Amino acid sequence: MPKLAVVSLIQDDQPLNTMVDFAIEHSFQVVELMGKFHSAEMLSEEDLRYLERVSESNGITFNQHYLHGALPGSHRTSVWRDTLASFERNLEMVQRLGGRVIVLHPGKIDVPTLARPEDGSELIRREAVRNLKRFVRSAAPTAEKLGITICVENLKHDPGYVLSSYEDLASVIDDADSDNVGVVLDVGHCIIGDGLSEAINVLGDRIRHLHLNDAIDGVDHEEIGTGTLDLDEMAPLISSDMNIEFATLEVGKAPDSYGVILRSREALRQRYGDAVD
């Protein structure tokens, strides 16, 4: 039964403590740090000590969503190596803050000779998949040592992305052959893409973490209960049979960002009761 989390950033100009204070005030036990600003490269030592104090005094778990635009499947050796080094620094930061999960976007195809990622051939994409697998395999020993789970996210299966199916994502997890590598299932990506039930059927117990949001007219990250997300269809993910510890509410749009978060939590509680915390 997953613990509900909030993201650490709703608006780019928010100070670090805004969502932390919101989490404490509204009894959320988990905050997922957004790597765009809240990463090992961006946070100062003062920031890190602040988060450590919050974790110790309020029992907040700090997980992290690594950089959204990361390119772990890059064909460029320097980009691939720099990304891996950065990712391992962030694994260490998550461990320092008492976190248990780091989210990795599989990203887009990155080949110097391509003007656009979507121009890549199927052969190039398969090479990018191999690069991604090598990236996850390389990071897995550090994750195991630190007690962090690397969760690779399902993205939309559009041209230009490294992964084009749930089967591709399953193969990345299986290739790593590590208890510290799994899937973070973004239900919004599923319902505007290749389907939520299909994702659950293919990925099964590889799913270790959730990103929860609804979709309206093909746009995801909307308030839960306002779009096409079928909470009955999602029910297997909330079952105690699944090894899913955290579920992050990836919602919160102006002008009522905080209301969106609280109403989304209430919609989940009305359907699942005490199975979500």
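Figure 1. The structure holds 5 aromatic pairs (ring centres of Phe, Tyr or the six-membered ring of Trp within 6.5 Å; stacked under 30 degrees between planes, edge-to-face over 60, tilted for the rest). Phe22 and Phe28 form a stacked pair, with 6.1 Å centre to centre and 25 degrees between the planes. The charged end of Arg265 sits over the ring of Phe28, 4.2 Å from its centre (CZ of Arg or NZ of Lys within 6 Å of the ring centre and within 35 degrees of the ring normal).

**Figure 2. The aromatic cluster of Tyr66, Trp80, Phe87 and Phe135.** The ring centres of Tyr66 and Phe87 are 5.1 Å apart and the planes lie at 85 degrees, so this pair is edge-to-face. Tyr66 and Phe87 are both buried. The charged end of Arg134 sits over the ring of Trp80, 4.1 Å from its centre.

**Figure 3. Contacts of Leu237 in the largest nonpolar core.** This core has 85 residues (buried Ala, Val, Leu, Ile, Met, Phe, Trp, Tyr and Cys joined through side-chain atoms within 4.5 Å). Leu237 touches, among others, Leu185, Val187, Leu196 and Met242, not counting residues up to four places away in sequence (contact: heavy atoms within 4.5 Å).

**Notes.** Residues are numbered from 1 along each chain as its sequence is written. In this predicted model, local features need pLDDT of at least 70, side-chain atom pairs count only at pLDDT 80 or more, and totals for chains, interfaces and linings use all residues, while side-chain values use heavy atoms, leaving out hydrogens and water.

Conventions: Buried < 20%, exposed > 50% of the residue type's maximum accessible area, 1.4 Å probe, protein only.
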